[in-house]
Structures are given as C-alpha cells and as structure tokens.
Amino acid sequence: MTKAALTPRLSQLRETHRAAMDRLGLLQRPWVVLGGAPDPTMPAALLASHARVDVNNAGLAAKQRGWGPADLTVRRPVESWTVFPDLETKALLWYNARPRWRQRWKLVRQRQAKIGALVSLDPDDREAINQALIGPEILATGELGKPSTGIAALCYGLFLDVPEIVLSGFSFSRAGHSYDTLARPRLQVAEDRHALERLRSDRRVATSEPELADDLGLRLWRP
C-alpha cells in the first residue's frame, strides 16, 4: 500500500501509529502474531528473531509455555479480563473508542495486570484499515463482515509496513482456544479466510502453521 492510496484520515493514522510503534522498537522488527488456536507452532528461532504480538488472551498460553511477556498485546475492548487477570505485556494496542482517561482508568483497575505503553485505536479506524488492505468486499462476507482481532493485527502491521508478519496459532480446522478448555467454535472463519486469500501474495506475510500454509498457499516461515 502506498500513501497515495490512503484517505487523509488513514494517512494521519498511519504516521501517528508508525511513530508510536517506532518508539516501542516495533516498527523495524519482524512480528510473530500469536493467535488463540490450540497448540500453536512456535519454533524457538521464531521467538528469538521476531517481536511477539499476542491477540486478546493468547498471552495466557504463552505464559503457560514460559515464553515471557509479549512485546505487544492487541486487544478488543470487550475481551474478558477474568480469563487472564495477570496479563503482562510491554505494550497494549487497545481497540477502544472511549476517551484515553477512561481507558487508563480501566487499566488501573486491573490490579494484577502489568501493562507498559498504551496505544489505542478506535474500532471504526481498525475496520477502515482492514478494508484498505483487503477491500470493502469483506463487509458482505460471513456473519459479521469483519475479520477477527488476529487478522486485524496482521492488517495493522502491514498498514504500518512492518517488514514481516508471521501468523502462529491460527487455524481453520482446530476447534477451541489455546487458553481455555471450552472447545468453543471459532468465529469469523469466512471473513478471515477471505482476508488471507487477499493477503497471501504479500511477500511480508507468512505462517509457522504447516496446515495453514497448505490450506491457503501462505508462505511457510523457515529460519
């Protein structure tokens, strides 16, 4: 994506968020985005070379595996804090439309959590970024017409021109989530599949999950 393809609003957002990620040391580093699918494939070499970006409560699975705090956690505002009350992350990208003081007040109330820098993004801007990357056709896809938080994190990184983004813990075949035992059905499958079909030719996009690479033709990450 070039700046010429962006609306003035998106151009401003891009520069603001590039500056925020640069201050965090995350703009020039490759990312591995950790989704919530069970049994994520996370080679040690990938953890060592890439900034880890956790999606919602996927950090609980990371903690259980001894991977330490995330470099960045991407979180939707309605995500339950009771699942992972002692969330620890170096930075939080929060999709939240509330005033910043309300966001900070909410975080202060999470007394067990250890959260570094706060970067917020209005959910409407999140969807504008998604549509800029994958097209407005997403609005007529699936039940919700928008991709999951994990795919939104991928779009966000591509929007900022992060050098590489590897998807780990993403699956269309494994039910449930890595951080609980409820075996809940995965939502937004049609939307996510549509998005990845649109993005799979981008040289910056890869996955550590062999089944996802085989399914969609995504580049399989190798050290």
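**View 1. Trp94 and its bridge partner in the neighbouring strand.** In this predicted model, Trp94 is paired through a bridge with Ser120, which belongs to β5. Strand β4, covering residues 88-95, is joined to β5 by seven bridges, and the two strands run parallel.

View 2. In general, the strands of a sheet pair through backbone hydrogen bonds, in either a parallel or an antiparallel manner.

**View 3. The largest nonpolar core and the surroundings of Leu72.** This core has 43 residues, of which Met21, Trp31, Leu72 and Tyr156 touch the most other members. Helix α6, spanning residues 149-159, gives the most to this core, with eight residues. When its neighbours within four places in sequence are left aside, Leu72 is in contact with residues including Met21, Leu26 and Trp31, as well as Arg52, Val53 and Asp54. Thr89, Ala91, Leu92 and Leu93 are also among the contacts of Leu72.

**View 4. The second largest pocket.** The volume of this pocket is about 150 Å³. Its lining is made up of 14 residues, and those closest to the centre of the pocket are Lys63, Phe84, Asp86, Leu87 and Glu88. Strand β2 (51-55) and helix α3 (58-64) each supply at least two residues of the lining, which as a whole divides into six charged, four polar and four nonpolar residues.

Conventions
Residues numbered from 1 in each chain as written. Predicted model: local features only at pLDDT ≥ 70, side-chain atom pairs only at ≥ 80, totals over all residues. Heavy atoms only, no water. Pairing = 2+ DSSP bridges. Helix = DSSP H or I, 4+ residues; strand = E, 2+ residues; numbered from the N terminus. 1 Å grid on protein atoms, 1.4 Å probe; cavity = no way out; pocket = protein on both sides within 12 Å on 5 of 7 lines; lining within 4 Å. Points joined across faces, edges and corners; volume = space filled by probe spheres on them. Nonpolar A, V, L, I, M, F, W, Y, C, P; charged D, E, K, R; others polar. Core = buried A, V, L, I, M, F, W, Y, C linked by side-chain atoms within 4.5 Å. Buried < 20%, exposed > 50% of the residue type's maximum accessible area, 1.4 Å probe, protein only. Contact = heavy atoms within 4.5 Å.
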